[in-house]
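Please read the notes below with the structure open beside you. They take up a few places in the chain, one at a time.

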Amino acid sequence: MTDIEAPEIAAATSAEAPHPATVAPTQGPASSPAHALTPLAAAALLAACGGGGGGDSSSNAAAPPPVGVVDFSTAGFSYPAAATNEDAARFLQQAQFSSTTAEINELRGMSYAQWLANQFVRYQGITGWNWLESRGYGAVDNNSYFFNHYPADFMIWSQLLSGPDMMRKRIALALSEFFVSSLASAEFTWRAHAYASWWDMLMRNAFGSYRTLLEDVTLHPAMGYFLNTKGNQKENSAGRVPDENYAREVMQLFTLGVYELNLDGTVKTSGGVPLETYTQADVTGLARVFTGYDFDTSDGVRHTPPGQSYTIESRTFASKRMSFNASRHSMLEARFLGTTVPANTAGATALKMALDTLFNHPNAGPFFARQMIQRLVTSNPSPAYVARVAARFNDNGAGVRGDLKAVWVAILLDDEARGPGSLQSTTFGKLREPMLRFVQWARTFGVTSAAGSWKIFELNNAATQLGQSPLRSPSVFNFFRPGYVPPGTALSASGATAPEFQLVNETTVGGYLNFMQSVIERGINCPNPAVPQAAWDNYAYDVQANYATELSLVADANALVNHICLVLAAGQISSASRGTMVAALNATPVTTASTQTVKLRRVWAAILMVMASAEYLIQK
């Protein structure tokens, strides 16, 4: 099918459109601290790349959020609650996207465990699928939504930048970078709906069972298309053999990894040689299990687009598990990882045996635990930290394996995540992913879409945007490898992993700074936000922040900087850096009599300086 999408849209430059009426236009680089400080910001960001060690968002839920019960073990954790606002902000920035003053105050009123228990029972926001439907993207009309990717981009940005269930969304995003299926290569009808369903599946399973999640991932149509399970057929006399793509990747990337692991994630060796987890024979045997599956179009409904002679299936298949056709399923014996599926075993039974084998493999706990620690807390976790989390994966304390709630509790409450010692460590922490920086900015400063359309396209362009966009990994290997060690740095000498640094180069540094400078000041310039289709006209800055809290502090540069350092960096900006920022702001004095333009420029400059600093970029 022909994809009729238009080119990417990023935050506009000043030449594209005027500022909105509520934000006076800038008067040129010389008069704007944000512009003047760009070299300083760039230098700070490049320093981070070298390996150096607001306004509140709100949910629109009508009912009060439910209160959870702490029914999980909290034994072994030394820090039950936030002792300071900085502690609270640090926890929130690991567990969700933002730490506004309201969110900090809420957490200070309870234990970490109670806060987590509350998140585990909250799922109040609109689903991705229902959001697409509410915007009319299920229509079969001349807009050809069924052939386009962009409705899924609008959907996922809407999910990430707004609404409740923030921890659930943060976990779902982390899972999307582990169980990778990419919208970027999806070329089938109703692809946007399929990826809304994919997102909803990750959300639904975020606090559930890893085993259930693994099965839902395996049978989802988005994954079926991405890794060739869809349409995969048994062997025949003409030499056809089952496609091995999913069989290989489900072992290599989704469950086990390529080498046998100890509980602490370290590699097992024999005579100094790493022990491989599986062989080609295991791949070949497992591939037979994943035959016979295809999109479930059993409803038989077909639609004829306006003015066309072809028909398309209904979108219902995109929300259902793939269907099974026994006539296309291999009935040969399948051997893999010490398991034998006897010849002529029914497809459902064979699938259960295969997924149970993967789920119960001793690698599953440490393999998953280490990567989730990397996504949420630190790039190079200690073996002891991995072992503690893997142990909770293996047994949640009540004899249950694969309880994801227990995994998140173990990761977020571990003493390495919560203790003050980690803040002083030169090896602890992680580079914030570009898309997470953008989401954090949006959540922290109450970004809204005036039209409710959230028309933000993919932001993968490294030169002008973020170089990263949710659900759009360039390959099954995610945006970066979990074992990546930046070459030519202090990290490479010790072999310390720093996955996110695989995204860093001169182009991405400049692209990030320019993009964030523009969106901080103006927001996102959207094409005709009043209509759901792309409609490349009537541009408006529809997606914008609310800086009311920051404007109330603007006359006091020190108070403004301290506030932004807290909500964006959990207070982890040094006194020296804060002093430099305050001095830069005070170079352009602001008084109560100053114009709104002058005040806004001070706010913009303060935010940009923090978000460009090495101490912000390296999250601890």
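This is a predicted model: local features need pLDDT of at least 70, side-chain atom pairs count only at pLDDT 80 or more; totals for chains, interfaces and linings use all residues.

1. Start with helix H24, residues 557-569, and helix H26, residues 596-612. Their axes come within 10 Å and cross at roughly 45 degrees. Angles under 35 degrees count as roughly parallel and those from 65 to 115 as roughly perpendicular, so H24 is oblique to H26. The crossing of these two helices is right-handed.

2. Which residues make the contact between H24 and H26? On the H24 side they are Ala557, Leu560, Ile564, Cys565 and Leu568. On the H26 side they are Arg602, Val603, Ala606, Ile607, Val610 and Met611. Sorted by class, the contact of H24 with H26 has 10 nonpolar residues, no polar ones and 1 charged.

3. The second pair is helix H16, residues 383-394, and helix H17, residues 404-413. Here the axes are 8 Å apart and the packing angle is about 160 degrees. Angles over 145 degrees count as roughly antiparallel, which is why H16 is described as roughly antiparallel to H17. H16 passes H17 in a right-handed crossing.

4. Where H16 and H17 meet, H16 supplies Tyr385, Val389, Arg392 and Phe393. H17 supplies Ala406, Val407, Ala410 and Ile411. The residues of this contact divide into 7 nonpolar, no polar and 1 charged.

5. Next, look at Asn232, in the loop between helix H11 (221-226) and helix H12 (245-252). Is Asn232 buried or exposed? Its relative accessibility is 6%, and because the limit for buried is under 20%, Asn232 counts as buried.

6. What surrounds Asn232? Leaving out residues up to four places away in sequence, Asn232 touches Pro242, Asp243, Ala287, Phe290, Thr291, Gly292, Tyr293 and Arg328. For Phe290 there is a further detail: its backbone oxygen lies 2.8 Å from a polar atom of the Asn232 side chain.

7. With a relative accessibility of 1%, Gln465 counts as buried. A polar atom of the Gln465 side chain lies 3.4 Å from the backbone nitrogen of Asn460.

8. The side chain of Asn232 has a polar atom 2.8 Å from a backbone oxygen, that of Phe290, whereas the side chain of Gln465 has one 3.4 Å from a backbone nitrogen, that of Asn460.

Terms used. Residues are numbered from 1 along each chain as its sequence is written. Side-chain values use heavy atoms; hydrogens and water are left out. Axes are lines fitted to C-alpha atoms, for helices over the stretch in contact, and angles run from 0 to 180 degrees between N-to-C directions. Helices (H or I, at least four residues) and strands (E, at least two) are DSSP runs, numbered from the N terminus. A crossing is left-handed if the near helix is turned anticlockwise from the far one by less than a right angle, and right-handed if clockwise. Contact means heavy atoms within 4.5 Å. Ala, Val, Leu, Ile, Met, Phe, Trp, Tyr, Cys and Pro count as nonpolar, Asp, Glu, Lys and Arg as charged, and the others, Gly among them, as polar. Buried means under 20% relative accessible area, exposed over 50%, partly exposed in between (1.4 Å probe, protein chains only). A polar contact is a pair of N or O atoms within 3.5 Å; within protein, one must be able to donate a hydrogen and the other to accept it, and residues adjacent in sequence count only if both atoms are side-chain atoms.
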